[in-house]
Amino acid sequence: MRGQLVVVPILAMLLLYGVPWWTLVLAPEWGLAGTIAGTVVLAAGLVTMPVAMFRGHAKRQSDASARLGDSLLAVIWVLFSWSILSLVLRLALLGVEDPLRSRIVAGATVLVAAGLLVHGNRVAMRVPPVKRTDVVIPRLGPGLDGLTIAVLTDTHFGPIDRTKWSEQVVAAVNALEADVVCHAGDLADGAVAKRRKQVDPLGGVQAALGRFYITGNHEYFGEAQAWLDHMAGLGWDTLHNRSTLIERDGDRILFAGIDDPTGTASGLPGHGPDLAAALAGRPDDVPVVLLAHQPKQVREAREADVDLQISGHTHGGQIWPFHLLVRLDQPTLSGLTRHGPTQLYNSRGTGFWGPPFRVFAPSEITLLTLRSA
């Protein structure tokens, strides 16, 4: 088993760098000097990337190393993906002799990858657009018809200082004048002392009826309880396996939240999802909105007759075609889906993890409007 833990990542890295090496360096036959230069560049990335990512995301967190390693990961992933897709172009150019055909393919691959990375960085770093969705909840009373919920998730405040971006996101949320604002986890990567400058603008979020926060899996890589305490200090209602009842015009709705599943193995007392505790004392016939970071937690939500689950976690795949791997673990990537009696809204996320790129998976600030039958 230990051997597999070492061999599998090594093979994955060799494949990740080996396919672009063949497509961009070997097949085009650039000559001895060109082959050596291209090989040296890719070999440097092969060695540097894992070292930088380890240094950047280990306990001491070197932000400079994280920025380097994360960026290299994005570059090689896009080059790998489009090197594979370039086989289609290679087939289309069967009438062209090598090495010209391979050089055309290599040039097209680099141009497409560069364009996607430039655009993907702009998409990742911008203030996300607002995605508006109506959700019909049959049990919702008329007094709550039109209740609006602004959803933030996966902000992942980390190695890149996005304090200004955080302030701009808060301004965008406040402009929505939502009744409720939720943060569905993966708030930040790192300790409170290191990331609070970026997080603290969230204290300025305005909501008429409530601001709710739950933990994601990334909080459990660092200081989950400290982040719960910090968000509480900023005035957010931390739904740590608990719920809050909201009333408007004589009708009520329950907002509940559960921990991310990684909390179970975190060693923190009382952490880990506990839906029964979150719904304890739930009034009869009152609709329930559940915050649960991972979409797959809808399996328990449907058994508990939850009306709406709000999740994040997937980032919509973040960098295409990574979504294919995400779908192996999660029931959905984004948007509103139904799972028995439970509707699930899965946000693509407001920020990004690691590589500051989003390719074919734009970020969002979500505005859900609840409608009664």
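Colleague: Which element gives the most to the lining of the largest pocket?
Modeller: This is a predicted model, so local features need pLDDT of at least 70 and side-chain atom pairs pLDDT 80 or more, while totals for chains, interfaces and linings use all residues. Residues are numbered from 1 along each chain as its sequence is written, and side-chain values use heavy atoms, without hydrogens or water. Helices are DSSP runs (H or I, at least four residues; strands are E, at least two), numbered from the N terminus, and two elements give two or more residues to this lining, α3 (63-92) and α10 (323-326). With 3 residues, the top contributor is α3.

Colleague: Which residues lie nearest the centre of the largest pocket?
Modeller: A pocket is an open set of points on a 1 Å grid where a 1.4 Å probe fits, with protein on both sides within 12 Å along at least five of seven lines; lining residues have an atom within 4 Å of a point. There are 21 lining residues here, and those nearest the centre are Gly317, Gln318, Phe322, Val326 and Trp353.

Colleague: How many residues of that lining are charged?
Modeller: Asp, Glu, Lys and Arg count as charged, Ala, Val, Leu, Ile, Met, Phe, Trp, Tyr, Cys and Pro as nonpolar, and the rest, Gly included, as polar. The largest pocket's lining has 10 nonpolar and 9 polar residues, and the charged ones number 2.

Colleague: And how many charged residues line the second largest pocket?
Modeller: Its lining includes His57, Lys59, Asp189, Glu223 and Trp353. Next to 4 nonpolar and 5 polar residues, the charged count is 3.
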